[in-house]
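Look over the sequence and the model, then read on.

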Amino acid sequence: MARILITSALPYINGIKHLGNLAGSMLPADVYARFQRARGHETLYICATDEHGTPAELAAAAADQDVATYCEEQHVLQHDVGRAFGLSWDHFGRSSSPQNHRLTQHFAEVLEAQGLIEERVDQMVYSIDDRRFLPDRYIEGTCPHCGFEKARGDQCDNCGNLLDPTDLKDPYSVISGSRNLEVRDTKHLYLLQTKMAERIRAWVDSHPDWPTLAKSIAYKHLDEGLIDRGITRDLAWGVPVTKDGLPRPGMEEKVFYVWFDAPIEYIAATQEWAEAGEGRDWRSWWRTDAGADDVRYVQFMGKDNVAFHTVSFPATILGSEEPWKSVDMLKAFNWLNWYGGKFSTSNKRGVFMDAALDILPPDLWRWYLTSNSPEGSDTAFTWEQFASAVNRDLADVLGNFVNRILKFNESKFDGLVPDGGQIGPLEEKLYADVAARLADLSEQMDAIEIRKSAQALRALWVVGNEYLQEAAPWTAIKTDRDRAAVIVRTALNLAALYARISAPFIPFAAEKIGEAFAQPWPPAWPTSDVAAELSTVPAGQAVRAPEVLFKKIDEDMIAEWAARFGGAE
Ligand SMILES: Nc1ncnc2c1ncn2[C@@H]1O[C@H](COP(=O)(O)OP(=O)(O)OP(=O)(O)O)[C@@H](O)[C@H]1O
Ligand SMILES: [Zn+2]
């Protein structure tokens, strides 16, 4: 039995996530976690809300709430909607937890002792009317690159260039609108990534098996040259900057930058998990001196997060010279796009997780988002493709097969798995087909090829329909009851197998099918002994058809949703 640690990029706290966030991090991580658990591996899937930084503060202000209350409420909303989507986190933590405060402060002190953090004097914009510094998004102005008038202190949303607050022309305070600003000197901590460049490159080199997307982004940043990064900010909400466990003199009003503390939360959230249950040991997952040597650590994220996970977080982990576990496999995703542009939380563009569940059950979204995963390239969401994934794959192939055989069994064999007869050449061929395709599915799942896994699964569903078509139990029943019994028994077992192998993708429908066949749940992944795997539902067992598994999507529904969500060419 292997031990597998899985994390997905921390969803930011400013509102419910959209389908792009789900497709690019949490959902594939969940599919992989469910698969590894089914194979009997000890699996820990950790995620958390990312709660610090100026967007959280601004969103709280817009909601007329203090930021702590805002984050607490939003965390619960994200947790609940994630669970409703079937996300099987072992723990969904909070980057504002006491555990993360302690661990972030610990890393900063250790890195400083290693000579990798130093104090520098920075020039920052100070608002005289607001009596505070204006970091990141607290300041807006005209972009020096493209002239966009509402560029933010950290980035221009129009041209995408990263900015410093002092780059902006004609800047103003987002808090008060005041233009009564001046540039003042102030001390900040810098993480000396330049000193770590060789070390990080060697570490990236040691992972030739990472997918191209992850490697190419990592090398792009390494080739462009790492820069030392300011890791503190003039904010009140965040992890306070300490020295020897006390507020750091001269930095009493400062906190660590969100991008320094967020990935540390992967570890801290595991500590939260450990503290929430007896006998749980976080060290055996994260400390190579306490058993984490045999852990395989897999991270999931969208492409904009890759640099932070291949450069910044490794700088923290490796630079500490402490025996921390670092990532083994980094699975990155391209964008799922929304009608010609990006999904956007701040502009409320696209379909969000809560609204998605308002209109349809989670499995339909899960299937579309995995079978059309933005894996090899950016992928455009369209209602037509979504409807096609639901109608053609789930309803016509899987749903139809399960329904057809169960209904037939009810009408001809009183809903009891029929006995009698011997398998023949058609069944032999079926076993061989299933064995080959099952091997392919397991291999693709192991390789975290999400689209190919979904294709392999669908191919297995197709095999069942082809078998029924060819074996034609409705003809056999007229002349040869035993032959019909073999076909029905085989097909029923195939449906039960589908429940087990579909569970990582569509856990809710899979469980319904599993219940119809009284399968143990959560299911174990099938072995390569297909004859045995297709005999788990014995003759004489009562099976009953579940209610309709997948309702089809029609054009009226698409028209209504396109109007409601604004998706149209
Ligand atoms: N359209 C998208 N397609 C795929 N992955 C995405 C998309 N948008 C964001 N992600 C990924 O979702 C994860 C969570 O992101 P986060 O909550 O920080 O939102 P974000 O990147 O700020 O995006 P947005 O502002 O659009 O919500 C990250 O790994 C990010 O890379
Ligand atoms: Zn610009």
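Among contacts in the protein chain between residues at least 6 apart in sequence, what percentage join residues at least 24 apart? The share is 76%, where contact means heavy atoms within 4.5 Å. This is a predicted model: local features need pLDDT of at least 70, side-chain atom pairs count only at pLDDT 80 or more, and totals for chains, interfaces and linings use all residues. Residues are numbered from 1 along each chain as its sequence is written, chains are lettered from A and ligands numbered from 1 in the order in which they are written, and side-chain values use heavy atoms, with hydrogens and water left out.

**Overall build**

- The protein chain holds 19 helices and 19 strands. These are DSSP runs numbered from the N terminus: helices are H or I with at least four residues, strands are E with at least two.
- The radius of gyration is 27 Å, close to the 25 Å that the globule rule gives for 569 residues, so the protein chain is as compact as a globular protein of that length. The radius is taken over C-alpha atoms, and the rule is 2.2 Å times the number of residues to the power 0.38.
- Along the principal axes, the C-alpha atoms fill a box of roughly 95 × 55 × 40 Å.
- Of the 569 residues, 58% count as buried. Buried means under 20% relative accessible area, exposed over 50%, and partly exposed in between (1.4 Å probe, protein chains only).

**Domains**

- The protein chain is divided into domain 1 (3-106 + 259-380), domain 2 (114-247) and domain 3 (382-533). The bounds come from an automatic or database domain assignment.
- The C-alpha centres of domain 2 and domain 3 lie 53 Å apart.

**Zinc site**

- Cys143, Cys146, Cys156 and Cys159 coordinate the zinc ion (ligand 2) through their SG atoms, at 2.2 to 2.3 Å. Donors are N, O and S atoms within 2.8 Å of the metal (3.2 Å for Na, K and Ca); water is not among the atoms, so sites may look incomplete.
- The spacing of these donor residues in sequence is C-x2-C-x9-C-x2-C.
- The site is tetrahedral, with angles of 107 to 117° among its four donor atoms. Four donors count as tetrahedral if all angles lie between 85 and 135 degrees.
- Cys143 counts as buried because its relative accessibility is 1%. Cys146 is at 35%, so it counts as partly exposed.

**A three-stranded sheet**

- Three strands form an open antiparallel sheet in the order β7-β6-β8. Two strands pair if DSSP finds at least two bridges between them.
- Two bridges join β6 (residues 139-142) to β7. Gly141 has Ala151 in β7 as its bridge partner.

Note on methods. Four donors count as tetrahedral if all angles lie between 85 and 135 degrees; four count as square planar and six as octahedral if opposite donors are over 155 degrees apart and all others between 65 and 115; anything else is irregular.
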